[in-house]
Amino acid sequence: MKPLLLAAVIGLAAFGTAAQDDAQKRREAAIWNAVANRVDRQNDLWFKAGDFPRVIQTLRLSVGLFPTDFDYVTSLGWMLENVEMYDQALAVYIRYRLDNPTLPDSPFPEAQFYFRRKIYAKIPPLLEPSLKDKPHPNSFRTLAHAYERMGMLADSARVWKALVDFTPKDDAAKNNLARVEKKMKGGG
């Protein structure tokens, strides 16, 4: 009977430790959430006051603390583009993609940067591989539009079809697919 009692005590101790670990993780998450909310509120104030260097600096800190956070990365990149620091914005987007290869949306900020700059040829190598991982529908849209702008209508239609398969209720994707197919037939 003593070995059974000993096993029960060890089991309860392990359960208690796991419960304490969960409680500690919840507390830490709540603290980080409060810090992030406070930083975001302060950034809003600085942004409204036009103090963009401070916003950029705190966003750099936030990206350092939360390197997988899409919102922090894209906010930092957007702010850098806003003050015409395009090379630094691109570096942020590339670093995000390279540091987070398993996130299906990690190439999207860089692809969007190229799209805004009308460097369409750089987009397919970034976004095509991500489609198999079912990224956000905007990856499909950006890729399809890039192909269309490069005159690659068959590829554009293929990506629009993939988006319609992925999001069957997306009427805009259906309309874009029909528009591109019409162009392919010489009607647009």
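A contact here means heavy atoms within 4.5 Å. Among contacts in the chain between residues at least 6 apart in sequence, 39% join residues at least 24 apart. The model is predicted: local features need pLDDT of at least 70, side-chain atom pairs count only at pLDDT 80 or more, and totals for chains, interfaces and linings use all residues. Residues are numbered from 1 along each chain as its sequence is written, and side-chain values use heavy atoms, with hydrogens and water left out.

**Overall make-up**
- The chain has 9 helices and 0 strands, taken as DSSP runs numbered from the N terminus (helices H or I, at least four residues; strands E, at least two).
- Of its 188 residues, 32% count as buried, where buried means under 20% relative accessible area, exposed over 50% and partly exposed in between (1.4 Å probe, protein chains only).
- Accessible areas come from the Shrake-Rupley method with a 1.4 Å probe, and for residues only the protein chains shown count as cover.

**Aromatic rings**
- The whole structure holds 9 aromatic pairs. Rings of Phe, Tyr and Trp (its six-membered ring) pair if their centres lie within 6.5 Å; planes under 30 degrees apart count as stacked, over 60 as edge-to-face and the rest as tilted.
- F115 and Y120 make an edge-to-face pair, 5.3 Å centre to centre with 70° between the planes. Y120 is buried, at 15% relative accessibility.
- The ring centres of F140 and F166 are 5.4 Å apart and the planes are at 25°, so this pair is stacked.
- F140 belongs to helix α7 (residues 137-149) and F166 to helix α8 (residues 153-166), so the pair ties together parts 26 residues apart in sequence.
- F140 is buried, with a relative accessible area of 2%, whereas F166 is partly exposed, at 30%.
- W32, F66 and Y72 are linked into a cluster by ring pairs.

**Charge over a ring**
- The charged end of R117 sits over the ring of Y86, 4.1 Å from its centre. The criterion is NZ of Lys or CZ of Arg within 6 Å of the ring centre and within 35 degrees of the ring normal.

**Nonpolar surface patch**
- I31, W32, V35, L61 and L65 make a nonpolar surface patch of about 480 Å². Patches consist of residues with over 30% relative accessible area and no salt bridge; like charges are joined within 9 Å, and nonpolar side chains (Val, Leu, Ile, Met, Phe, Trp, Tyr) within 5 Å. A salt bridge is a side-chain nitrogen of Lys or Arg within 4 Å of a carboxyl oxygen of Asp or Glu.
- Helices α1 (2-48) and α2 (52-65) each supply at least two residues of the patch, and α1 gives the most, with 3 residues.
- L65 lies in helix α2 and is partly exposed, at 42% relative accessibility.
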